[in-house]
Amino acid sequence: GQMGMFEEVATGVQISPSAWAFWAWKQLLDGQAIEVSGSSTASILAYGAQKDGKTLVLLVNDQNTDLPLQLTGISGKTAQISSPPEDLVVVPIQDRAVAPQDAQAALQQIHTEPVAIPNTGLSLTLPAQSIRLLQIEP
């Protein structure tokens, strides 16, 4: 059968790639919602928020195919693009709890890289079944 987002295994809790959407969504909480525009967004779920002087954009591709995306109307020179792990991550459990350092180690598996934003807008390809969180500096 299909695996859930979180599954208990002998060594701890296994986090499936789709569970990272909760982490990404939490980054947008308490922000002011904004409209995200671009091409190909019909198949891609896009959510935007202004928070602490930054623009955050959550992109979700739930299709089984890679999708190109052109984001327009973004004001900023640089975007930090965070990509959660695409493999299973196992977080150890001791005494029915996850130790803070183990939770931190799981978060460190999120890959973040800076990308320059050209005046024409940001072009990227969203892999099949993936999420990306963009943090755009003003």
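1. Surface and size. The accessible surface of the protein chain comes to about 8400 Å². Carbon and sulfur atoms account for 50% of that surface. This is a predicted model, so read every value below as computed from it. The C-alpha trace spans about 50 × 35 × 25 Å along its principal axes. Of the 138 residues, 34% count as buried.

2. Elements. The protein chain has 2 helices and 12 strands. From the N terminus on, they run β-β-α-β-β-β-β-β-β-β-α-β-β-β. Now look at contacts between residues at least 6 apart in sequence: 71% of them join residues at least 24 apart.

3. The sheet. Six strands form an open sheet in the order S3-S5-S6-S12-S8-S10, and the pairing is antiparallel. Its edge strands are S3 (32-34) and S10 (111-116), each of which pairs on one side only. On average, neighbouring strands are turned by 25° against each other, direction ignored. In general, strands of a sheet pair through backbone hydrogen bonds, either parallel or antiparallel.

4. One pair to trace. Find strand S5 (residues 45-51) and strand S6 (residues 54-61). They pair in the antiparallel sense over 7 bridges. Within this pair, Gln-50 stands opposite Thr-55 in S6.

5. The helix across the sheet. Helix H1 (residues 20-28) lies across S5, S6, S8 (78-83) and S12 (130-137). H1 runs at about 25° to S12. After H1 comes Asp-30, whose phi is positive, near 70°.

6. Which residues of H1 are buried? They are Trp-20, Trp-23, Ala-24 and Leu-28. These residues cover an arc of only 145° around the axis, so they sit on the same side of H1. An α-helix has 3.6 residues a turn, so residues three or four places apart point the same way. Phe-22 and Lys-26 are exposed on the other side of H1.

7. Ser-82. Strand S8 holds Ser-82. Is Ser-82 buried or exposed? Its relative accessible area is 9%, and buried means under 20%, so Ser-82 is buried. The side chains of Ser-82 and Thr-112 are joined by a polar contact of 2.9 Å. Leaving aside neighbours within four places in sequence, Ser-82 is in contact with Trp-23, Ile-110, His-111, Thr-112, Ile-131, Arg-132 and Leu-133. Trp-23, one of these contacts, is also among the buried residues of H1.

Conventions. Residues are numbered from 1 along each chain as its sequence is written. This is a predicted model: local features need pLDDT of at least 70, side-chain atom pairs count only at pLDDT 80 or more; totals for chains, interfaces and linings use all residues. Side-chain values use heavy atoms; hydrogens and water are left out. Two strands pair if DSSP finds at least two bridges between them. Helices (H or I, at least four residues) and strands (E, at least two) are DSSP runs, numbered from the N terminus. Axes are lines fitted to C-alpha atoms, for helices over the stretch in contact, and angles run from 0 to 180 degrees between N-to-C directions. Contact means heavy atoms within 4.5 Å. Buried means under 20% relative accessible area, exposed over 50%, partly exposed in between (1.4 Å probe, protein chains only). The arc is that of the directions from the helix axis to the C-beta atoms. A polar contact is a pair of N or O atoms within 3.5 Å; within protein, one must be able to donate a hydrogen and the other to accept it, and residues adjacent in sequence count only if both atoms are side-chain atoms. Accessible areas come from the Shrake-Rupley method with a 1.4 Å probe; for residues, only the protein chains shown count as cover.
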